[in-house]
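Try each one yourself before you read the solution.

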Amino acid sequence: MSIIVAENLSKSYPVAVKSPGIKGTINHFFRRTYRTIKAVQDVSFEIAPGEVVGFLGPNGAGKTTTLKMLTGLIHPSSGTVKVAGQIPFHRKEAFLQQITLVMGQKQQLLWDLPALDSLKINAAVYDISDKEFQRRVGELTEMLSLEGKLTQAVRKLSLGERMKAELLAALLHRPHVLFLDEPTLGLDINAQVAVRDFLRDYNQRYQATVLLTSHYMADITALCQRVLLIHEGRLMYDGSLDGLLERFAPYREVHIELAQPLPIEKLMTYGDVQHLEGRSVHFMVSREALTRTVSKILTDLEVIDLTVTEPPVEEVIGRVFKAGVV
Amino acid sequence: MKRIIRKALTLLSVYYAYMVEYRAELILWVLAGSLPIILMGIWIQAAQGGQFGLSPVDFARYFITVFVIRQLTVVWVIWDFEREVVEGKLSPKLLQPLDPVWHHVAGHVSERFVRLTFALLLVGLFFILYPQAFWLPSLSRFLLFTLAVVLAFALRFTIQYTFAMFAFWTERASALENFWLLFYLFLSGLIAPLEVFPEPVQKIVMFTPFPYLIDFPASLLVGLPVDIGRGFGSMVGWILVFLGANRFLWRAGLKRYSGMGA
């Protein structure tokens, strides 16, 4: 039984266009022209309870629009969506109690008050009893290592602490479905790791379903068993991260260190030279040709060191988006 | 019911703490509301000529009451709401199982309590400086006045929150409020008691919501002639009218908000 079902989900909306200059401004004032943007087109997928799914795509690909349709903030232009058996756009209490959406670090918490005050509001809004409230705050504070921070004014917290406090506020009602839009944006490495660990922990402890977008590939590789790749509003890939690499990156990087520098013309005969600096050479070699090429290099050339690596995920995905082909 | 009370008390106590954070700013806002005191000076001067039906002391009592009413019915929801819509801050609130309006109501109501202490100090100071204006209204008048002020706040809030809904269609809904303010200034009794307006003007104005926002409660307390039944009836009527318009615009606006990509 899937907890999230999206079928042929599409969203287009009008955007006012204005040409530059005085003339454009005057025209804009009297007669606005609109252009329809197809933000999401025909996207279908299902997510099972407890899954952690990464939502990948360049800026403007339609990730946030999809998240907004899944949380009921916007109504799909066509197609259907069900989350936890409910139609999100109706925003029934039974639905709202089960989900949460985290977008950015300035969201729920009242800026000039300690986070604990904002949390009290959330507890009342979601009908959490005082005893349960104390228990959950204690537990989440520990999981997020926010001890002592909740009694400080939110504006005095660091970016990382604020993000963690926002997460705490968003999870106080213990939602089963988490929609996270860039939960680690702008955080330093330590804070990123802390948020990541927390999300993994939360997912395991409460069997929560998580759908997250991130520009940090590390978030995706650390958390997600499955990724959805969206580009120009269309779903391009749905499957495991390894599968994505198989499909879009059927090559390996071969890095060698030569005893003596060699001219590029000679090296080109072994494979696609990506980078050459003195005695250090980077090749891109297709997977089928890998063993053959490596043994050839080792027999022909005087090699001091050799490593074979998978290309970084960022690079693979970047290449997919640039090419725009599946 | 218990759940509702708990929600209300929590919202009020947290927003009270929030408003106390801004106490210095709040004192400035209280002082900024002293237009009635200035007008009082002008009218007391004018009344000494004696061509109005009211004496200088009547004017003094009227305007000090107006000052208190203004303090208790200040509303700024349109600016807050407009910002929430334009900056997209409405979205997270829409995902909570509580209508976002209650956050604004709690903010406004709790602010009253912070402001009231300071406003009453000013009123005390006024009577020390101008003791001949001091009077004690009867308990029944005072209770009616209190009810009228609560309704005046509810009406003013409902009207402004209804205008605020236009933020879904235009980025500057507050322009509407600025336009409305012009009528409010002249027709509510803020600048002059309706009592001094010509008869026919008074008659027409009584069909608008304006006089019930200030003149009606003030006249009740000071003891100027008022039609109590019609006053309260009109207030409730206008609140219902704007409430209906508000809910209609809210639903239409949300559809639009979502259409534009939220």
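A residue is called buried if 20 or more other C-beta atoms lie within 10 Å of its own. Keep in mind that this is a predicted model.

**Exercise 1.** Find out how many residues of strand β7 (residues 209–213) of chain A are buried, and which way they point.

*Solution.* Start by applying the cut-off along the strand: 5 of the 5 residues of β7(A) are buried, and the strand is mostly covered. Next, sort the residues by direction. A:Thr209, A:Leu211 and A:Thr213 point one way, while A:Val210 and A:Leu212 point the other way.

**Exercise 2.** Identify the strands that pair with β7(A), and say whether they run parallel or antiparallel to it.

*Solution.* Take strand β3 (residues 52–56) of chain A to begin with: it pairs with β7(A) in the parallel sense over 4 bridges. One bridge to look for is that of A:Val52, whose partner in β7(A) is A:Val210. Now turn to strand β6 (residues 177–181) of chain A, which is joined to β7(A) by 5 bridges and also runs parallel. Here A:Leu180 stands opposite A:Leu212. Finally, trace the chain from β6(A) to β7(A): the path passes through helix α7 (residues 189–206) of chain A, and this β-α-β crossover is right-handed.

**Exercise 3.** Work out the strand order of the open sheet of 3 strands in chain A, and find the helix that packs on the sheet.

*Solution.* The order is β2-β1-β4, with antiparallel pairing. The edges are β2 (33–47) and β4 (78–83) of chain A, each of which pairs on one side only. From one strand to the next, the twist averages 30°. For a closer look, follow strand β1 (residues 4–17) of chain A, which 5 bridges join to β4(A); A:Ala6 has A:Val81 as its bridge partner there. The helix is α2(A), which touches β1, β2 and β4 of chain A. Its direction makes about 120° with that of β1(A).

**Exercise 4.** Describe the side of chain A that touches chain B: which helices contribute, and what kinds of residue are there?

*Solution.* Begin with the contacts: 25 residues of chain A meet 21 residues of chain B. Helices α2 (63–71), α3 (93–96) and α4 (115–125) of chain A each supply at least two residues to this side. The largest share, 5 residues, comes from α4(A). By type, the residues on the chain A side divide into 12 nonpolar, 6 polar and 7 charged.

Notes:
Residues are numbered from 1 along each chain as its sequence is written. Chains are lettered from A and ligands numbered from 1 in the order in which they are written. This is a predicted model: local features need pLDDT of at least 70, side-chain atom pairs count only at pLDDT 80 or more; totals for chains, interfaces and linings use all residues. Two residues are in contact if their C-beta atoms, placed from the backbone, lie within 7 Å. Ala, Val, Leu, Ile, Met, Phe, Trp, Tyr, Cys and Pro count as nonpolar, Asp, Glu, Lys and Arg as charged, and the others, Gly among them, as polar. Two strands pair if DSSP finds at least two bridges between them. Axes are lines fitted to C-alpha atoms, for helices over the stretch in contact, and angles run from 0 to 180 degrees between N-to-C directions. A residue is buried if 20 or more other C-beta atoms lie within 10 Å of its own, exposed if 12 or fewer, and partly exposed in between; C-beta atoms are placed from the backbone. A crossover is right-handed if, with the strands pointing away from the viewer, the path from the first strand over the helix to the second runs clockwise.
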